[in-house]
Amino acid sequence: MDQQELNRLRDLVKMEQESRELVKLPYRSYRELINRLVGDVKFGGALENTLTSTYLSMVKDLLIALLRARLLKILDQASEGNVPRGNLMVEETKLASVLEDLERLIKPSMLKAPGRVMIVRFTSNYFSIKTSKGNMISEPTVGDLVIIPKEDAMELVTNFKVAKAYRIRVRRHSP
């Protein structure tokens, strides 16, 4: 049990909670932080076990508070389209990578959209379709409009002759 490390963690939690930006922590990872705090913890007699349990409980509470504060900041910044990179711990870097991947999937570039999808108008009734992206179109009828991946649209038009496909045009707005 290292009271100095515990006090240091308490100070880091306070700094993290009071700051808008992520605080640069003196550890590379949470694993390193935990090893410093509990690496030499030993159980023994009844009094020592009570002290150790109290110490471990305080460490756990402080770690949860630190994680909560940091994760909320990371998520808030990511929701604004700014996945943070500076001052991240190893485990947080993995989370940031996942958030960046999600951002790319959720907000595709508007300039690339016309090449990837098309509007399809059905010219005859058709049975259910599962697109190449895994979406289901339930029994489209004459006149139904759907937006589907370009390759699926071209297949419906050329191979099945049940639809007409139209490109999506994007107007570029100048600021």
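**Salt bridges in a predicted model**

Counting side-chain nitrogens of Lys or Arg within 4 Å of a carboxyl oxygen of Asp or Glu, we get four salt bridges. Please keep in mind that this is a predicted model. The background is brief: side chains of opposite charge can pair when their charged atoms come close.

First, the setting. The chain contains six helices and five strands. Read from the N terminus, the order of elements is α-α-α-α-α-β-β-β-β-α-β. There are 175 residues, and 30% of them count as buried.

Now the pairs. Arginine 8 and glutamate 5 form a salt bridge, with 3.8 Å between the closest N and O atoms. Both residues sit in helix H1, which covers residues 3–18, and they are three residues apart, about one turn of the helix.

Next, lysine 73 and glutamate 16. Their closest N and O atoms are 2.7 Å apart, and they form a salt bridge. Lysine 73 belongs to helix H3, residues 46–79, and glutamate 16 to helix H1, so this pair ties together parts that lie 57 residues apart in sequence. Lysine 73 is buried at 11% relative accessible area, and glutamate 16 is buried at 0%.

Then there is glutamate 92 with arginine 70, a salt bridge of 2.7 Å from N to O. Glutamate 92 is in helix H4, residues 90–106, while arginine 70 is in helix H3, so parts 22 residues apart in sequence are tied together here. Both glutamate 92 and arginine 70 are buried.

Which residues are linked in a network of salt bridges? They are Glu16, Arg70, Lys73 and Glu92.

A word on helix H3, where lysine 73 and arginine 70 are found. At 1.5 Å a residue, its 34 residues should span 50 Å, and the end C-alpha atoms are 49 Å apart, which agrees. Just after H3 comes glycine 81, with a positive phi of about 85°.

Last, the chain as a whole. Take the contacts between residues at least 6 apart in sequence: 56% of these join residues at least 24 apart. The chain exposes about 12100 Å², and carbon and sulfur atoms supply 55% of that area.

Terms used: Residues numbered from 1 in each chain as written. Predicted model: local features only at pLDDT ≥ 70, side-chain atom pairs only at ≥ 80, totals over all residues. Heavy atoms only, no water. Helix = DSSP H or I, 4+ residues; strand = E, 2+ residues; numbered from the N terminus. Buried < 20%, exposed > 50% of the residue type's maximum accessible area, 1.4 Å probe, protein only. Expected span 1.5 Å × (residues − 1). Contact = heavy atoms within 4.5 Å. Areas by Shrake-Rupley, 256 points an atom, 1.4 Å probe, with all protein chains shown as cover.
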